[in-house]
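Here are my notes on this one, point by point. Have the structure open while you read.

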Amino acid sequence: LLVEQRPDDIFLESIACFPMVYYVIGTIKNVDDVLIAGILHADAMIVASPYDCECNEDYMADAKNIIAVQKLTRLFPNANVVTELSSRQNMKFARFRRCTTATQLRTSASGPQVT
């Protein structure tokens, strides 16, 4: 688990029954924190929505998570990332194709190639 601050004791007691579950203090925006948390060895990564968002509108609450997940998917194309969204309207922004090779990255960045 990658958390921004130390979890309270009740939360730690509730995850204690699961073997091989650890927490790391950091942020999803920092690649070093994500690497320390073990993204290279994880079967899946779950990104939960923050519950203390100071956004005035529901659909803006997911913006930071969507951007972070897109960045992580580009940096770690083999990682399975599951994202929690607060608003159904944001599904259209969360759908993106994974690129697995450098050629695909260049092609997707420059747009479709006409032959």
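1. Asp9 has 48% relative accessibility, so it counts as partly exposed. Keep in mind throughout that this is a predicted model.

2. While we're on Asp9: its partner in a salt bridge is Arg6, and the closest N and O atoms sit 3.5 Å apart.

3. Now the overall layout. The protein chain has five helices and four strands, and along the sequence they run β-α-β-α-β-α-β-α-α. Of its 115 residues, 23% are buried. Taking contacts between residues at least 6 apart in sequence, 45% join residues at least 24 apart. The accessible surface of the chain is about 9,000 Å², and carbon and sulfur atoms account for 56% of that.

4. What is the largest nonpolar core made of? It has 10 residues in all: Ile28, Val34, Ile39, Met45, Val47, Ala68, Val69, Leu72, Phe76 and Ala79. The largest share, three residues, comes from α3.

5. Setting aside neighbours within four places in sequence, Ile28 is in contact with Leu2, Val34, Met45, Val47, Ala68 and Leu72.

6. Have a look at Val31 too, which belongs to helix α2 (residues 31–37). Not counting residues up to four places away in sequence, Val31 touches Lys71, Leu75 and Phe76. Val31 and Leu75 are 44 residues apart along the chain, yet their C-alpha atoms are separated by 9.0 Å. Phe76, touched by Val31, is also one of the core residues.

7. Leu1, Phe11, Phe18 and Val21 make a nonpolar surface patch of about 350 Å². Leu1 is placed in the segment before β1 (2–3). With a relative accessible area of 44%, Leu1 is partly exposed.

Terms used. Residues numbered from 1 in each chain as written. Predicted model: local features only at pLDDT ≥ 70, side-chain atom pairs only at ≥ 80, totals over all residues. Heavy atoms only, no water. Helix = DSSP H or I, 4+ residues; strand = E, 2+ residues; numbered from the N terminus. Contact = heavy atoms within 4.5 Å. Patch = residues over 30% accessible without salt bridge, like charges linked within 9 Å, V, L, I, M, F, W, Y side chains within 5 Å. Areas by Shrake-Rupley, 256 points an atom, 1.4 Å probe, with all protein chains shown as cover. Salt bridge = Lys/Arg side-chain N within 4 Å of Asp/Glu carboxyl O. Buried < 20%, exposed > 50% of the residue type's maximum accessible area, 1.4 Å probe, protein only. Core = buried A, V, L, I, M, F, W, Y, C linked by side-chain atoms within 4.5 Å.
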